[in-house]
Amino acid sequence: MTAADDGPLMEFRRRKIVIVTGSRADFGLLQPVMAAVAEHDALELAAVVAGYHLITDTWRDVAKAGFKIAARVPMQKRDAVGRGADVPAVGRGIGGFGRAFAKLAPDVVVVLGDRIEAFAAASAASIGGYRLAHIHGGDRAEGVADEAMRHAISKLAHIHYPATPTSARRLKRMGEAPAHIQTVGSPAVDAPPTAAAIDAPTLLIVQHPIGASDEQEQRWMAQTLNATADHARLVLAPNGDPGADGIRRALSAANVSPVEHLPRPQWLNLLAGAKAIVGNSSAGLIEAAVLRTPCVNVGPRQAGRERPLHVIDCDYDEAAISMAITHALELDLRRLRHPYGKPGVGRRIADHLATFDIATVPLRKHNTY
């Protein structure tokens, strides 16, 4: 039978996948997913950079990684910091993402985590009538408003890529359809260090604000700096969340010049080579587990998140932090197991995005409860 006998051949069209990244934190996890989508024969990647990337110029990391930037969505303003400033930033983001999505016409929009950039993109996708996929949904982490933001994104999403079985079960209890939940693991496992970190310090310090006053954040950061002063350490700058000015004041008072930004490969090499990570970054609970680096988790920012046995929790107190560091440096993590899956997460997500039956994922969501 000839093609003419069988009627006109359907033209093959790759699915367009818009992936939104708003900061260095989510891009580090999204990079293997973006690479897998870009390399997939059935998919077309459109990278959208937004929010904090455009304030700190870390959008350049996206371009340097080889991803063509399809759109930019400004949100935050350089001189406006705090939860009150985040409200109009989200509004600007929703409008900007709405215009970008209308121009790009995605088959699926992909976001990760719980930041306001992901929330604004998720809102625009849901209201604008685009299918939304959410990576790392179902996790718990107190943060500033992270817990509420992450679960709100999950309720807007049509497709879920949780990192752990526990997070998948939480999504099901939230009423999300089991058929639309794919437990793929965390993309963190796809990005191992590229070389031995022979010059890594003893401690990496990464402490972000949790939305308290600048005065309180300054006092808390001073406790961490005092507790780590006798160790070889490298201190990374905080993110721009409310309270960041207080942390920077503590750094200045201690005559510490933080590293503002590290490329992802260099960061992973340092994390792999360090004796411990101290602070409250999610990297201490996820990437550090994958790399078997002990974590001293300070304060409540990561409250509720799964904790492999490399994590030692403590309060914002110099003596408590010092004791936790001593314990961390004695840990033997050669047989540590973590819940974040096996390598190939980016490929698994890309394969699902390319093959799922769109007709079975309606834009009109239905809760299962």
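Student: How do the axes of helix 1 and helix 13 cross?
Tutor: Helix 1 (residues 24-39) and helix 13 (residues 345-355) cross at roughly 45 degrees, and their axes come within 8 Å. A helix here is a DSSP run of H or I with at least four residues, numbered from the N terminus. An axis is a line fitted to C-alpha atoms over the stretch in contact, and angles run from 0 to 180 degrees between N-to-C directions.
Tutor: This is a predicted model, in which local features need pLDDT of at least 70 and side-chain atom pairs count only at pLDDT 80 or more, while totals for chains, interfaces and linings use all residues. Residues are numbered from 1 along each chain as its sequence is written, and side-chain values use heavy atoms, with hydrogens and water left out.

Student: What does that make helix 1 and helix 13 to each other?
Tutor: Helix 1 and helix 13 are therefore oblique to each other. Angles under 35 degrees count as roughly parallel, over 145 as roughly antiparallel, 65 to 115 as roughly perpendicular, and the rest as oblique.

Student: Is the crossing of helix 1 and helix 13 left-handed or right-handed?
Tutor: Their crossing is right-handed. That term applies when the near helix is turned clockwise from the far one by less than a right angle, and left-handed when anticlockwise.

Student: Which residues in helix 1 meet helix 13?
Tutor: Pro32, Val33, Ala36 and Val37 of helix 1 meet Gly346, Arg347, Ile349, Ala350 and Leu353 of helix 13, where contact means heavy atoms within 4.5 Å. By class, this contact of helix 1 with helix 13 has seven nonpolar residues, one polar and one charged. Ala, Val, Leu, Ile, Met, Phe, Trp, Tyr, Cys and Pro count as nonpolar, Asp, Glu, Lys and Arg as charged, and the others, Gly among them, as polar.

Student: On to another pair, then. At what angle do helix 4 and helix 5 pack?
Tutor: Helix 4 (residues 83-104) packs against helix 5 (residues 116-128) at an angle of about 45 degrees, and the axes are 8 Å apart. That angle makes helix 4 oblique to helix 5. Helix 4 passes helix 5 in a right-handed crossing.

Student: And which residues meet there, between helix 4 and helix 5?
Tutor: From helix 4, the residues are Asp86, Ala89, Val90, Gly93, Ile94, Phe97, Gly98 and Phe101. In helix 5, they meet Ile116, Glu117, Phe119, Ala120, Ala121, Ser123, Ala124 and Ala125. By class, the contact of helix 4 with helix 5 has eleven nonpolar, three polar and two charged residues.

Student: What about helix 5 and helix 6: at what angle do their axes cross?
Tutor: The axes of helix 5 and helix 6 (residues 146-156) cross at roughly 20 degrees and come within 10 Å. That makes helix 5 roughly parallel to helix 6. Helix 5 passes helix 6 in a left-handed crossing.

Student: Which residues in helix 6 does helix 5 meet?
Tutor: Met149, Ala152, Ile153 and Leu156 in helix 6 meet Ile116, Ala118, Phe119, Ala122, Ser123 and Ser126 in helix 5.

Student: How do the residues of that contact of helix 5 with helix 6 divide?
Tutor: The contact of helix 5 with helix 6 has eight nonpolar residues, two polar and no charged.

Conventions:
Helices (H or I, at least four residues) and strands (E, at least two) are DSSP runs, numbered from the N terminus.
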